[in-house]
Structure formats: structure tokens, C-alpha cells
Amino acid sequence: MRSALGDNPSPTATEVLDAAERLLDNVLRSDCETRASALDLLTVDALMTRALEIASRDQRLLEGFPEQAMVRIGAHGRG
């Protein structure tokens, strides 16, 4: 996760979501059948969880961020 976040010690929810999207794009461009792909998918999951945790602490993000995150991440499987 640190690598995906560029060693940012205190990323925002949006920065973590951006990192999850970048990593998911990399996985979807690969054959997705390697151990590395599986580890990357687990990292995407962990990043999504972390983004939602961070957003849950900010009243301004709490209502809309979870839906926005799911829409953004779901768009990567289309096309």
C-alpha cells in the first residue's frame, strides 16, 4: 500500500481512491492470472477499505464518498 501511495504518510480519501484506481488499471491490463496480480487485487481491496475509513472520519465526505468510490472503481471493469 505504501508503494501505491508513493510513501505518503497521510493521504486523503481521494488520494487513496486514486491509487486504488491506478493499481486496478494495471491489473486489468495484465493477464490477471499471476500471483502478482492476485496480490495487487488484494492491495486494491485494502486501498478501497482505507479510502472509506478515511472518508468516514470527515462529515463532508461521509455521505457522498462511498457511492462516488464505487462508481469510480466500477467503471474500470467496463469497456
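1. Start with the buried residues of H2: Ser-37, Val-44, Leu-47, Met-48, Ala-51, Ile-54 and Ala-55. They sit on the same side of the helix, because the arc they cover around the axis is only 130 degrees. Look to the other side of H2 and you'll find Arg-35 and Leu-42, which are exposed. Bear in mind that this is a predicted model.

2. What do the buried residues of H2 pack against? Their partners are helix H1 (13-29), helix H3 (59-62) and helix H4 (65-74).

3. Now for the largest nonpolar core, which has 17 residues. Those touching the most other members are Val-16, Leu-17, Ala-20, Val-44, Leu-47, Met-48 and Phe-65. H1, H2 and H4 are the elements that each give two or more residues to this core, and H1 has the largest share, with seven. As background, nonpolar side chains tend to be buried together in soluble globular proteins.

4. Is Glu-21 buried or exposed? It counts as buried, because its relative accessibility is 12%, under the 20% cut-off. Its side chain makes a polar contact of 2.8 Å with that of His-76. Setting aside neighbours within four places in sequence, Glu-21 is in contact with Arg-72, Ile-73 and His-76.

How values were computed:
Residues are numbered from 1 along each chain as its sequence is written. This is a predicted model: local features need pLDDT of at least 70, side-chain atom pairs count only at pLDDT 80 or more; totals for chains, interfaces and linings use all residues. Side-chain values use heavy atoms; hydrogens and water are left out. Buried means under 20% relative accessible area, exposed over 50%, partly exposed in between (1.4 Å probe, protein chains only). Helices (H or I, at least four residues) and strands (E, at least two) are DSSP runs, numbered from the N terminus. The arc is that of the directions from the helix axis to the C-beta atoms. Contact means heavy atoms within 4.5 Å. A nonpolar core is a set of buried Ala, Val, Leu, Ile, Met, Phe, Trp, Tyr and Cys residues joined through side-chain atoms within 4.5 Å. A polar contact is a pair of N or O atoms within 3.5 Å; within protein, one must be able to donate a hydrogen and the other to accept it, and residues adjacent in sequence count only if both atoms are side-chain atoms.
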